Amino acid sequence: MRRWLVWSLVAVVVLVGAVVGGVAVYRKVTYGDQYDAGHSAVAVSDGSVFTLVVRDRGASVGDNWSATVADPAIAEQIGSTLVADSLSDRVFGPADGGGAGERLITFKAKAPGTTTITLTNCFQGCDNDRRRAASSTVSWSVTVGS
């Protein structure tokens, strides 16, 4: 009986380790290296995938992030996703007023060179002083090496 319990525990630990490892591999393949606003200079290899990360209060609140690449010959946006803070939002989708988390905007490096990538959050349409004050812009200098 005790041996069965030990082997069951070992099996659970191995299974959890495999799932966590699989998620880590999936994130690396899908999003590449990730850089937040604290890393304003980014160096990547030609052909690599990389992701810029910003805080997102959620679309239901009014956050609306967009990306601008100064030289699209060097890098191009290939995706944008929100990784929610709460487990229920991750599983069931954001509830009214929910959906805050990290906005992951993913790019592919296309050619050697340096470009600026700017992420802009136009909060609730940016149509008055209060909304413009709640908006934000973050820029990265991205160098693509060969």
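**Entry 1: Arg-132 and Asp-129**

I looked up Arg-132 and found a salt bridge to Asp-129, with the closest N and O atoms 2.9 Å apart. This is a predicted model, so I read the distance as a computed one. How far apart do the two residues sit in helix H3? They are three residues apart in helix H3, which spans residues 129-134, so about one helical turn separates them. I then checked accessibility. Arg-132 counts as partly exposed at 44%, and Asp-129 counts as exposed at 61%.

**Entry 2: the other salt bridges**

I asked how many salt bridges the count gives. The count comes to four. I noted the general point that side chains of opposite charge can pair when their charged atoms come close.

I looked at Arg-131 next. Arg-131 forms a salt bridge with Asp-127, and the closest N and O atoms are 2.8 Å apart. Arg-131 is partly exposed, with a relative accessible area of 21%. Asp-127 counts as exposed at 52% relative accessibility.

I then turned to Arg-57. Its salt bridge partner is Asp-63, with 2.7 Å between the closest N and O atoms. Is Asp-63 buried or exposed? Asp-63 is buried, because its relative accessible area is 6% and the cut-off for buried is under 20%. Arg-57 is partly exposed, at 36%.

**Entry 3: Thr-115**

I moved to a residue in a strand. Thr-115 is found in strand S7, which covers residues 113-121. Its relative accessible area is 3%, so I listed Thr-115 as buried.

Which backbone atom lies 2.8 Å from a polar atom of the Thr-115 side chain? I found that it is the backbone nitrogen of Asp-71. Asp-71 is also in the contact list of Thr-115, once neighbours within four places in sequence are left aside.

**Entry 4: the whole chain**

I went last to the chain totals. The protein chain has three helices and eight strands. I read their order along the sequence as α-β-β-β-β-β-α-β-β-α-β.

The chain has 146 residues, of which 29% count as buried. I looked up the contacts with a separation of 6 or more, and residues 24 or more positions apart account for 69% of them. The accessible surface of the protein chain comes to about 8800 Å². Carbon and sulfur atoms hold 60% of that surface.

Terms used
Residues are numbered from 1 along each chain as its sequence is written. This is a predicted model: local features need pLDDT of at least 70, side-chain atom pairs count only at pLDDT 80 or more; totals for chains, interfaces and linings use all residues. Side-chain values use heavy atoms; hydrogens and water are left out. Helices (H or I, at least four residues) and strands (E, at least two) are DSSP runs, numbered from the N terminus. Buried means under 20% relative accessible area, exposed over 50%, partly exposed in between (1.4 Å probe, protein chains only). Contact means heavy atoms within 4.5 Å. Accessible areas come from the Shrake-Rupley method with a 1.4 Å probe; for residues, only the protein chains shown count as cover. A polar contact is a pair of N or O atoms within 3.5 Å; within protein, one must be able to donate a hydrogen and the other to accept it, and residues adjacent in sequence count only if both atoms are side-chain atoms. A salt bridge is a side-chain nitrogen of Lys or Arg within 4 Å of a carboxyl oxygen of Asp or Glu.
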